[in-house]
Amino acid sequence: MISKNVYCNEFQGSVHVSAHVIAAAKYEILHQENSYTVTPEDIDKGYIDIAHALSYSVWTNSHNGYLMTFAFNNRQLEKINLIDKHNSYIISNEYEEIHMPHQGMKYETKELSLRLYLSADSKPGIYPIPLAFAISAL
């Protein structure tokens, strides 16, 4: 809170001013894989790894970090494991939220790899990655 005395000919008083900064986040997708290929070997293994599947730059003024909200169409896959340098996150529902920490008010570049767990009825072929996301400040 900021306080300042105000002087006027015959009156003296104080005015209290405070400000509340609304949390904001900005991001830019630098790279995003859009599809994956299933081979018979992948079906035997049960999963496919996609290194460097998503790269993005993010900024927030929130001390609490930011929220990544994922929409997952799980008709082709059982679940998706998101992997960054320090953590691993499982996406298995149609809608998931993940709290991501953030240090300071500067842009950070983040990179995620994916492990796609194939459903029991998977067939060889090329498929779109059924995952979309958005970022918002906490």
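These legends walk through a predicted model, starting with the whole chain and then moving to a few close-up views.

**View 1. The whole protein, end to end.** Take in the overall layout before zooming in. The protein has one helix and twelve strands, and in sequence order they read β-β-β-β-α-β-β-β-β-β-β-β-β. Its radius of gyration is 23 Å, well over the 14 Å given by the globule rule for 138 residues, so the protein is more spread out than a compact globule. You can see this in the C-alpha trace too, which spans about 90 × 25 × 20 Å along its principal axes.

View 2. How many of the residues count as buried? The share is 34% of the 138 residues of the protein.

**View 3. Strand β4 and its partner β11.** Here two strands sit side by side. Strand β4 covers residues 35–38, and strand β11 covers residues 125–128. The two run antiparallel and are joined by four bridges. One of the pairings to look for is Ser 35 with Pro 128, its bridge partner in β11. Which residues of β4 are on the covered face, and which on the uncovered one? Tyr 36 and Val 38 make up the covered face, while Ser 35 and Thr 37 make up the uncovered one.

View 4. Follow the chain out of β11 and you get to Ile 129, in the loop between β11 and β12. Is Ile 129 buried or exposed? With a relative accessible area of 14%, Ile 129 is under the 20% cut-off and therefore counts as buried. Leaving aside neighbours within four places in sequence, Ile 129 is in contact with Glu 33, Asn 34, Ser 35, Tyr 36, Ile 50 and Leu 114. Two of those names, Ser 35 and Tyr 36, belong to strand β4 from the previous view. Ile 50 is 79 residues from Ile 129 in sequence, yet the C-alpha atoms of the pair are 11 Å apart in space.

**View 5. His 52 in strand β5.** This one is about a backbone angle. His 52 sits in strand β5, which runs over residues 47–60. Its phi is near 55 degrees, a positive value in a residue other than glycine. With a relative accessible area of 45%, His 52 is partly exposed.

**View 6. Thr 69 in strand β6.** Now look at β6, residues 66–72, where you'll find Thr 69. Its relative accessibility is 19%, so Thr 69 counts as buried. What does Thr 69 touch, not counting residues up to four places away in sequence? The list is Tyr 95, Glu 96, Glu 97, Ala 132, Phe 133 and Ala 134.

**View 7. Ile 83 in strand β7.** The last stop is Ile 83, in strand β7 (residues 77–83). At 32% relative accessibility, Ile 83 is partly exposed. Setting aside neighbours within four places in sequence, Ile 83 is in contact with Ser 88, Glu 111, Leu 112 and Ser 113. For a sense of distance, Ser 136 is 53 residues away from Ile 83 in sequence and 20 Å away in space, C-alpha to C-alpha.

How values were computed: Residues are numbered from 1 along each chain as its sequence is written. This is a predicted model: local features need pLDDT of at least 70, side-chain atom pairs count only at pLDDT 80 or more; totals for chains, interfaces and linings use all residues. Side-chain values use heavy atoms; hydrogens and water are left out. The radius of gyration is taken over C-alpha atoms; the globule rule is 2.2 Å times the number of residues to the power 0.38. Buried means under 20% relative accessible area, exposed over 50%, partly exposed in between (1.4 Å probe, protein chains only). Two strands pair if DSSP finds at least two bridges between them. Contact means heavy atoms within 4.5 Å.
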